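Open the model in your viewer and keep the selection panel at hand. The stops below say what to select and what is found there.

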Amino acid sequence: MVGYISNIYVGVYTVLVGMVITFKQMFKPRVTHQYPYQYEFERKDNYREIPIGNRGQLHNRVEDCIVCNKCAQICPVDCIYIDSRKPSGGRGAKLWESMNVVHLKDRKQIIGIVEGDTKKIEPDTEITINQTVPTGQTRKVSSNDVDRIVERKKVTFYMDRFDIDMALCMYCGLCTEVCPTECLTMVDTLQGIEYSEFDRANLNYSFVKPELYK
Amino acid sequence: MRQFFGIFGNLSEVTVGSSKPLAGLLLEILPPLPAFLEEYEQLLAMITACGIFVGVVPLIPLVLVLAERKVSAFIQDRTGPMRVGPWGILQTLADGVKLLFKEDLIPPYGDRVLFRLAPYIIVCFSLAAFVAIPFGAIDLGDERYVFIVSNLNIGIFYILAVSSVIVIGIIMAGWASNSKWSLLGSLRSAAQMVSYEIPVGLSILSVIMVVQTLNMQGIVDQQDGGLHSWLIFRTPFSFIAFFVFFISAIAEVNRTPFDLPEAESELVAGFHTEYSGMRFALFFIAEYANMFAVCAIAVTLFLGGWQGVLPGIDILGGLPGFVFKTLFLVFVMMWIRWTLPRLRVDQLMNLCWKYLIPVSFFNILGVGIWMLIFGADTMDMKSLGPSLVVIVIAVFILLKQVFKGVSGTKRETTPVPSS
Amino acid sequence: MEVSEFVFYLFALLTVVSALAVVTLPNVVHAAFSLMVTLFSVAGLYVFLQADFLAATQVIVYVGGILVLILFGVLMTSSKLVMKVSIEVSMWQMFGGIFVSSALLAVLLLLTFETPWNVLSEVVDSSDSTVEQIGIAILQKKFLLPFEVASIILLIALIGAVFISRAEEQE
């Protein structure tokens with residue numbers, strides 16, 4: 001009989017303890033992110049960064065592109081469409097000479113010819129880069145920020161069309177591997193993930209900038 | 001005519017004390033009818049009063065489903081529905097519209113007639129319980145009108161009778177679906193509801209012994225005069241009876257921790273697995289209407305009905321007070337739902353037959369002995385005083401233990417920091 | 001026709017039709033569900049007799065209790081729910097049946113016409129609770145002994161049920 005009553009008592013009081021705990025839980029801050037409206041969660045502790053090298057949306061820096069057509073050839077689903085045209089000067093004519101592309105560590109690329117020896121750069125030296133395309137300005141960059149320098153071949157084609165159909169793309173990343181100037185990349189930030197559209201035609205990205213060839 | 005409907009609280013006439021039901025109020029405030037309808041004006045007023053409830057009760061799930069989702073979200077540190085309307089308050093409306101336009105599927109080897117009939121039976125008898133619940137009162141002139149469709153003499157007994165028929169609808173739905181999940185769910189549900197009707201009835205009986213009437217408005221009238229006159233505090237045994245009633249009521253509306261009939265992990269959705277579209281919505285309406293009705297009965301029987309908290313001052317009184325108290329009990333039901341895990345079948349029957357039923361028999365005995373010792377008038381200070389002292393001491397001991405328990409578990413509940 | 005008469009005949013018709021359906025329907029479950037309609041309309045007839053407590057008891061005991069029991073029995077024991085109701089009997093059986101049923105009808109009719117029914121000349125004031133009268137009649141007046149005997153029989157049945165289920169457990 002004593003066991004019976006104490007059983008009831010323990011039952012009641014443990015349920016009440018549980019209820020007090022859940023009641024306290026009601027006033028704790030929410031952990032839900034209202035994602036498309038709210039981006040603050042990127043700063044929160046429990047948010048995991050998108051890893052570097054994530055295969056996201058494709059992006060082409062047409063200033064670097066030499067229209068070699070390798071990406072369109074290797075694409076397994078044929079989602080890259082490139083049309084090119086030779087310049088009017090006839091055989092051997094080219095749009096510009098070969099130059100070097102300076103890749104900075106913050107993943108911004110700068111096109112241009114580096115003055116001096118391109119193979120080895122001393123740390124803490126200022127490098128002057130002649131940005132020939134499109135404006136021909138010069139800019140100084142600290143060599144600590146430089147990630148690598150890639151040679152850019154001379155351009156012998158006008159680019160009339162460089163379209164990537166992201167609705168077709170299967171994110172294999174082969175095109176970025178074969179790209180000789182490393183101008184075709186996959187965006188590994190949040191912008192490379194969220195590009196949903198209501199119309200499928202809007203997923204056909206065009207990267208041509210006609211103003212480059214004027 | 002009057003002979004038949006007279007039994008339902010004599011239409012708009014005075015029944016108990018000086019209060020009139022809702023139909024009387026309608027006759028008073030609505031414009032007079034054309035001459036050829038005057039003969040039936042009382043009947044029409046009655047039907048209109050019923051119509052008000054039939055119109056309002058299906059709106060209850062609209063609020064309660066959202067509340068359920070929000071409470072569950074808050075307990076689990078989530079936000080709940082947020083998209084439809086500000087803070088998602090229109091979510092249930094959107095879901096309801098969606099259900100209205102969904103395809104109405106009937107299982108090919110099921111029983112078509114019974115399959116269609118079952119939701120209507122359940123909804124009808126859930127709504128029927130609302131007929132005898134007094135929702136509030138208004139003084140107009142020197143008359144008092146109570147918001148009750150029909151002030152039945154057997155009020156609470158009628159509600160028990162009507163709510164026991166819901167079981168038939170559930171079995172019908174389960175069998176007509178021709179599905180294992182539905183049949184098992186409905187059989188479980190029926191066993192559970194039939195078992196738990198006993199502690200409900202017995203704990204109501206221990207209240208009826210104190211008030212000595214079955215009339216719902218009569219029960220509310222006896223709780224006039226503030227917090228201390230609520231029936232829950234009249235004797236220590238009615239305090240226990242309230243909790244017995246509430247636990248059994250949770251089981252009778254098939255909610256967690258007693259939601260075995262709808263256990264998702266075992267039975268998909270229980271007796272309404274095969275239902276879709278509007279028929280499913282009807283089950284939903286019935287479920288939440290039941291939940292509201294059960295809480296309203298608990299408020300009427302134990303927590304003073306629509307009477308206020310303080311004598312003379314109209315705090316938490318009338319219709320808003322009644323709805324507030326009822327919604328608070330509904331909130332407690334949701335709170336329990338998101339605190340406790342689901343019971344096993346044997347544990348469920350164990351709780352009912354070995355704990356709740358003996359305890360409620362003990363309550364009946366206790367109330368009888370208490371009224372023998374301290375006098376039948378439980379409102380008298382000679383009886384009320386000892387009762388309040390016993391209740392306060394018991395609650396104090398329990399709460400002390402609870403807070404000790406809460407502080408003991410504090411270390412375990414601190415969240416593990418994410419790596 | 002008065003509205004109340006119409007309602008009365010509706011209930012009476014429902015009682016008879018659904019009771020016939022209980023006997024004749026081939027599906028046992030359908031028969032059980034039409035039994036619900038029968039019990040309900042009987043409760044409605046009780047309401048006409050100003051016996052509100054009896055009507056509610058009818059619903060709570062027969063519909064909420066016994067019908068659920070019947071449904072449980074039907075659903076859990078038999079795998080064949082649909083069976084043919086055959087009324088083919090021999091001549092002797094038919095004569096015997098006719099004799100027994102007409103005797104029963106005669107007794108019932110005799111009772112119906114001989115019982116001094118309390119006909120109410122006026123509508124009873126419904127504030128007079130029938131519950132109170134029933135309680136006084138059972139516990140203070142003449143029906144105390146039958147009441148106690150009935151409760152002892154139910155207790156014995158309960159103990160018997162517990163004993164049977166326990167004995168099975170021990171095997």
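A residue counts as buried when its relative accessible area is under 20%, and as exposed when that area is over 50%, with partly exposed in between.

**Stop 1: helix α11 of chain B**

Select Phe239(B) and Phe243(B), which both lie in helix α11 of chain B, four residues apart, or about one turn of the helix. At 18% relative accessibility, Phe239(B) is on the buried side because the limit is 20%. Phe243(B), at 41%, is partly exposed. The two rings form an edge-to-face aromatic pair, with 5.3 Å centre to centre and 70° between the planes.

Now widen the selection to Phe233(B), Phe242(B), Phe245(B), Phe246(B) and Phe302(B). Together with Phe239(B) and Phe243(B), these residues form one aromatic cluster.

**Stop 2**

Keep Phe302(B) and show its surroundings. Leaving out residues up to four places away in sequence, Phe302(B) touches Ser203(B), Val207(B), Gln223(B), Trp230(B), Leu231(B), Ile232(B), Ser238(B), Ala241(B), Phe242(B) and Phe245(B). Two of these contacts, Phe242(B) and Phe245(B), also belong to the aromatic cluster.

Which residues have the most contacts inside the largest nonpolar core? They are Phe130(B), Ile133(B), Tyr158(B), Ile168(B), Ile171(B), Phe302(B) and Met333(B), in a core of 144 residues. Next, colour helix α13 (residues 277–302) of chain B, which gives the most to this core, with 17 residues. Apart from this core lies another, of 24 residues, among them Cys65(A), Cys175(A), Tyr195(A) and Tyr205(A).

In soluble globular proteins, nonpolar side chains tend to be buried together.

**Stop 3**

By the distance rule for ring centres, the count over all chains comes to 30 aromatic pairs. One to select is Tyr196(B) with Phe258(B), a tilted pair at 5.7 Å centre to centre and 50° between the planes. Tyr196(B) lies in helix α9 (residues 180–211) of chain B and Phe258(B) in the loop between α11 and α12 of chain B, so the pair ties together parts 62 residues apart in sequence. Tyr196(B) is buried, with a relative accessible area of 0%, and Phe258(B) is buried too, at 4%.

**Stop 4: Glu68(B) and its two arginines**

The side chains of Glu68(B) and Arg255(B) meet in a salt bridge at 2.9 Å, N to O. Glu68(B) sits in helix α4 (residues 60–75) of chain B, while Arg255(B) is in the loop between α11 (236–252) and α12 (264–267) of chain B, so this pair ties together parts 187 residues apart in sequence. Glu68(B) is buried at 4% relative accessibility, and Arg255(B) is buried at 2%.

A salt bridge also joins Glu68(B) to Arg337(B), at 3.6 Å, N to O. This pair links helix α14 (residues 318–337) of chain B, where Arg337(B) lies, with helix α4 of chain B, 269 residues apart. Arg337(B) and Glu68(B) are both buried.

**Stop 5: a salt-bridge network in chain A**

Move to chain A and select Asp83(A), Arg161(A) and Asp163(A), which are linked in a network of salt bridges. Over all chains, the structure holds nine salt bridges.

**Stop 6: chain B as a whole**

Show chain B as a cartoon, where the secondary structure comes to 17 helices and three strands. Of its 419 residues, 56% are buried. Among contacts in chain B between residues at least 6 apart in sequence, 74% join residues at least 24 apart. Switch to a surface view: chain B exposes about 18100 Å², and carbon and sulfur atoms supply 70% of it.

**Stop 7: confidence in chain C**

Finish by colouring chain C by pLDDT. The mean is 81, and 82% of the residues of chain C reach 70 or more. Confidence in chain C is lowest in helix α5 (residues 130–139) of chain C, at a mean of 78, and highest in helix α4 (residues 91–114) of chain C, at 90. Where pLDDT is low, the predicted coordinates should not be read in detail.

Key: Residues are numbered from 1 along each chain as its sequence is written. Chains are lettered from A and ligands numbered from 1 in the order in which they are written. This is a predicted model: local features need pLDDT of at least 70, side-chain atom pairs count only at pLDDT 80 or more; totals for chains, interfaces and linings use all residues. Side-chain values use heavy atoms; hydrogens and water are left out. A nonpolar core is a set of buried Ala, Val, Leu, Ile, Met, Phe, Trp, Tyr and Cys residues joined through side-chain atoms within 4.5 Å. Buried means under 20% relative accessible area, exposed over 50%, partly exposed in between (1.4 Å probe, protein chains only). Helices (H or I, at least four residues) and strands (E, at least two) are DSSP runs, numbered from the N terminus. Contact means heavy atoms within 4.5 Å. A salt bridge is a side-chain nitrogen of Lys or Arg within 4 Å of a carboxyl oxygen of Asp or Glu. Rings of Phe, Tyr and Trp (its six-membered ring) pair if their centres lie within 6.5 Å; planes under 30 degrees apart count as stacked, over 60 as edge-to-face and the rest as tilted. pLDDT is the predictor's confidence in each residue, from 0 to 100. Accessible areas come from the Shrake-Rupley method with a 1.4 Å probe; for residues, only the protein chains shown count as cover.
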